[in-house]
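Below are some notes to read alongside the sequence and the structure. They take one topic at a time.

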Amino acid sequence: MSNKNAKLVVDKELKIAEIDKRIYGSFIEHLGRAVYNGIYQPGHISADEDGFRKDVMELVKELDVPIIRYPGGNFVSNFYWEDSVGPVLERKKRLELAWRSLETNEVGLNEFAKWSKKVNSEVMMAVNLGTRGIGDACNLLEYCNHESGSYYSDLRIKHGYEKPHNIKTWCLGNEMDGPWQIGHKTAKEYGRLAEETAKAMKLIDPSIELVSCGSSNIAMPTFPEWEATTLDYTYDYVDYISLHQYYGNADNDTADFLALTQDLEEFLHTVIAACDYIKAKKRSKKKLNLSFDEWNVWFHAMQEDSETMEKRPWQIAPHLLEDIYTFEDALLIGLILITFLKHSDRVKMACLAQLVNVIAPIMTDDEGGAWRQSIFYPFMHVSKYGRGVALLPVMTSTKHDTVKHEEVTDVESIAVYNEEKEEVTIFAVNRNTDENVLFEADLRGFEGYRVLEYSIMEHDDMKAYNSLVKETVMPKEKTEYRFEDGYFETSMGKCSWNVIRFGK
Ligand code: AHR
């Protein structure tokens with residue numbers, strides 16, 4: 001009998017923040033088979049009149065992704081957007097340097113904007129601050145957002161897009177702190193360029209929101225000085241700072257892998273502190289928010305990818321970053337989403353990187369169908385039921401130590417209250433790899449509520465995965481629980497993802 005326990009008090013008066021639905025964003029980069037043979041495959045049996053795969057669109061809609069970052073990623077730092085618009089047959093075929101591929105430009109920004117509408121998403125556009133700069137960013141914005149009557153807006157109309165795309169959110173470059181980035185910059189170089197680009201872009205369209213590049217990950221040697229130095233330049237002109245982080249389990253230590261959200265907490269605290277330091281330094285009234293615009297598990301296919309990139313000739317849509325996700329990866333995805341909800345007062349956008357075929361919840365077979373990876377499900381659950389107000393997790397949990405982490409809570413949990421629908425959903429992960437935990441939730445403020453659904457993901461095999469032909473990692477219903485007088489109790493299985501929905 002386990003003596004492990006956790007208790008969550010759910011009180012609708014204790015609010016963290018109204019959740020910005022854009023924290024359930026994602027990312028499509030011109031990389032591998034994300035675009036070609038991913039979202040777009042004319043000739044495929046499920047392709048629509050524009051060549052977009054309907055089977056993929058259906059799965060994207062299941063995830064209900066409100067915003068999608070595009071076109072990169074590392075790709076954007078050598079992207080010549082003009083090559084991607086106008087008559088398709090006249091478009092240039094380019095050497096794509098970030099991923100050593102051939103870019104045909106058959107799909108460009110107009111086609112992507114069209115696809116996004118079909119899947120009910122907005123575009124988060126990134127500008128090239130690697131090989132290009134202020135002028136090209138301005139031209140692109142004018143092309144996308146200006147009504148008509150100027151060279152670039154009229155060019156868009158000539159290309160068949162009468163109405164402006166009205167893209168609201170713009171990233172000022174990508175991972176400019178990274179030596180791998182084409183056109184990598186020092187913090188001062190980036191800060192000045194981003195400041196001037198931001199100023200000019202807001203002159204064209206003051207309604208846009210801008211994201212200043214933060215560090216590529218918490219381990220960068222320039223972190224967190226990069227944040228402080230760059231924001232010193234950009235603070236007055238931007239609305240968000242970006243964070244990127246990928247996790248892996250190269251040591252094959254599940255307990256330690258599932259403790260990684262402790263590092264994520266530290267990352268978030270430090271970036272928030274850097275923003276607030278610059279706010280104080282500038283005596284500014286503006287609070288800068290966070291755009292966690294790349295996050296996921298990424299390590300499974302790395303070895304294979306570096307071999308392919310080194311040895312093969314330049315190719316169109318090579319198989320790259322096609323990580324096959326396991327059950328334990330799905331648990332970490334759930335833990336990361338809970339962490340974002342806990343910080344929903346400052347994390348206003350986040351993009352699961354990426355969406356299709358490339359480190360993605362959705363995979364396609366070139367000849368066959370599309371399928372859901374293990375990580376699809378926790379993301380879908382939180383995107384679907386994590387809308388409303390994030391409630392402060394007044395929470396106690398027994399703890400354990402792992403190889404690299406101390407005092408790791410057995411259970412991580414948070415509740416989201418959807419006032420309009422009169423629903424409360426608890427998301428919880430028991431990350432103890434050995435023991436079940438007695439989980440109690442006190443919902444006494446929610447009179448007349450009953451359990452609508454208790455969905456879990458559990459598996460005997462931490463390395464279980466899905467494929468086109470077999471789906472073994474998926475949610476199922478749990479009926480072993482007690483709910484009386486607003487008091488919920490269950491024995492939460494070791495290594496489990498839990499979604500408990502209450503309503504009237
Ligand atoms: O998402 C894959 C890559 O990861 C992106 O291109 C880059 O921004 C990050 O390093």
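1. Helix 6 and helix 8. Helix 6 covers residues 225-234 and helix 8 covers residues 261-281; their axes come within 9 Å and cross at roughly 40°. The crossing of helix 6 and helix 8 is right-handed. On the helix 6 side, the contact is made by Glu-227, Ala-228, Leu-231 and Asp-232. Helix 8 contributes Val-271, Ala-274, Cys-275, Tyr-277, Ile-278 and Lys-281. Sorted by class, the contact has seven nonpolar residues, three charged residues and no polar ones. Keep in mind that this is a predicted model.

2. Two packed helices are described by the angle between their axes and the distance between the axes. An α-helix has 3.6 residues a turn, so residues three or four places apart point the same way. With that in mind, look again at the numbering of the contact residues Ala-228, Leu-231 and Asp-232 in helix 6, and of Val-271, Ala-274, Cys-275 and Ile-278 in helix 8.

3. The loop between strand 9 (209-212) and helix 6 holds Pro-224. The peptide bond from Phe-223 to Pro-224 is cis, with omega near 0°.

4. Gly-73 sits in the loop between strand 4 (67-70) and strand 5 (94-96). For background, most peptide bonds are trans, and most residues other than glycine have a negative phi.

5. Positive phi values. Arg-100 is not a glycine, yet its phi is positive, near 50°. Its place is the loop between strand 5 and strand 6 (101-103). Cys-495, again not a glycine, has a positive phi of about 45°. Cys-495 belongs to the loop between strand 26 (487-492) and strand 27 (496-503). Are these residues buried or exposed, or something in between? Arg-100 has a relative accessible area of 27%, so it counts as partly exposed. Cys-495 has a relative accessible area of 3%, which means that it is buried, the cut-off for buried being under 20%.

6. Helix 11. How many of the residues of helix 11 are buried? Helix 11 spans residues 376-385, and nine of its 10 residues are buried, so the rest of the structure largely encloses it.

7. The largest pocket. This pocket holds about 590 Å³ of space. Its lining has 28 residues, and those nearest the centre are Glu-175, Trp-180, Tyr-246, Trp-298 and Met-302. Strand 10 (residues 240-247) gives the most to this lining, with three residues. By class, the lining has 17 nonpolar, seven polar and four charged residues.

8. The second largest pocket. About 200 Å³ of space lies here. Which elements each supply at least two residues of the lining? They are helix 2 (109-118) and strand 7 (122-127), and helix 2 has the largest share, with three residues. Among the lining residues are Ala-113, Ser-116, Lys-117, Glu-122, Val-123 and His-165. The lining divides into three nonpolar, five polar and three charged residues.

Key:
Residues numbered from 1 in each chain as written. Predicted model: local features only at pLDDT ≥ 70, side-chain atom pairs only at ≥ 80, totals over all residues. Heavy atoms only, no water. 1 Å grid on protein atoms, 1.4 Å probe; cavity = no way out; pocket = protein on both sides within 12 Å on 5 of 7 lines; lining within 4 Å. Points joined across faces, edges and corners; volume = space filled by probe spheres on them. Helix = DSSP H or I, 4+ residues; strand = E, 2+ residues; numbered from the N terminus. Nonpolar A, V, L, I, M, F, W, Y, C, P; charged D, E, K, R; others polar. Axes fitted to C-alpha atoms, helices over the stretch in contact; angles between N-to-C directions. Left-handed = near helix turned anticlockwise from the far one by under 90°. Contact = heavy atoms within 4.5 Å. Buried < 20%, exposed > 50% of the residue type's maximum accessible area, 1.4 Å probe, protein only.
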